[in-house]
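Hello,

Here is the structure I promised to pass on to you. Please open it first, and then read my notes below alongside it.

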Amino acid sequence: MPRFAANLSMMFTEVPFLDRFDAAAQAGFTAVEFLFPYEHPAEVVGERLRRNGLTQALFNLPPGDWNAGEKGFAALPARFNDLKASLETALPYAKATGVKRLHLMAGIANRGERVAIEAFYKSVAWTAEFFAPHGIDVVIEPINARNVPGYFLNDFGFARDLIQELRLANLKLQFDIYHCQIIHGDVTMRLREMMPIIGHIQIASVPSRNEPDGEELNYPFLFEELDRLGYAGFVGCEYNPRGKTTDGLAWFKPYAGVKS
């Protein structure tokens, strides 16, 4: 049975960020993820997790100036020093939360430019090697061009090939089913093909990015498929609730309380 992690950047936004840990636990989640924790002290975030018996499934490495439209800088040759500094920023949060996987964002760059490809390979390898001694996996995520126009990593095949070429034990694929359906379709066959390199999965309805209870995808089938494939990782609920978060959790009731 899948282990679901509530995404606290998108769910339970009816309350302030730090109170969302309590809300997620009360709703039956045993794990959480979020985009970024950096506005709050690392020890405070860790305390909220422990207080509620929650596992931290994932969060993103610093993206640069998010409010100015930056979405990471791993594919930006001139920002390599910023990337290295961002790893040092994230490490105390990783230690405080006990997280075992971190998402490295590629940034806005042209994948047709060789310098961007070389910068991305270099940044990915550096990041994975930086976190390896800490027992932390690094995941990379293809993101569709509708949600993030110009994002460098917008192809699952490119991500797969990079992971297979670098052959780093702690480098994995973040397989967001929502993004995969929009970019490529054929989600089930891609899950079957890429399962050996998948380190994290995320879900949302397509095309609206709401609760995974309708529209294009048959999520009950996909959840059963994850079990058939032996997936033992987390499934992050990275969706925008249609209304109050708890009012849209009927889909989750059969899975509530599954231990992390």
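A pocket, as the word is used here, is an open set of points on a 1 Å grid over the protein atoms alone, where a 1.4 Å probe fits and protein lies on both sides within 12 Å along at least five of seven lines; a lining residue has an atom within 4 Å of a point. Grid points are joined across faces, edges and corners, and a volume is the space filled by probe spheres set on the points.

Before the findings, please note that this is a predicted model, in which local features need pLDDT of at least 70 and side-chain atom pairs count only at pLDDT 80 or more, while totals for chains, interfaces and linings use all residues. Residues are numbered from 1 along each chain as its sequence is written, and side-chain values use heavy atoms, leaving out hydrogens and water.

Now the pockets. The largest pocket holds about 320 Å³ of space, and its lining includes Phe17, Arg20, Tyr38, His40 and Trp66. That lining has 6 nonpolar, 3 polar and 3 charged residues (Ala, Val, Leu, Ile, Met, Phe, Trp, Tyr, Cys and Pro are nonpolar; Asp, Glu, Lys and Arg are charged; the others, Gly among them, are polar). The second largest pocket has a volume of about 230 Å³. Of its 20 lining residues, Leu35, Trp66, Ile143, Arg209 and Glu238 lie nearest the centre.

Next, the fold. Helices (H or I, at least four residues) and strands (E, at least two) are DSSP runs, numbered from the N terminus, and two strands pair if DSSP finds at least two bridges between them. Eight strands form a closed barrel, S1-S2-S3-S4-S5-S6-S7-S8, with parallel pairing. For example, 3 bridges join S2 (residues 31-33) to S3 (residues 55-60), and Val32 has Gln56 in S3 as its bridge partner.

There are aromatic pairs too: 25 in the whole structure. Rings of Phe, Tyr and Trp (its six-membered ring) pair if their centres lie within 6.5 Å; planes under 30 degrees apart are stacked, over 60 edge-to-face, and the rest tilted. Phe4 and Trp251 make an edge-to-face pair, with 5.2 Å between centres and 80 degrees between planes. Phe4 is in strand S1 and Trp251 in the segment after strand S8, 247 residues apart.

Finally, two backbone details. Val206 and Pro207 are joined by a cis peptide bond, with omega about 15 degrees; Pro207 sits in the loop between strand S7 and helix H8. Phe12, in the loop between S1 and helix H1, has a positive phi near 60 degrees although it is not a glycine.

Best wishes
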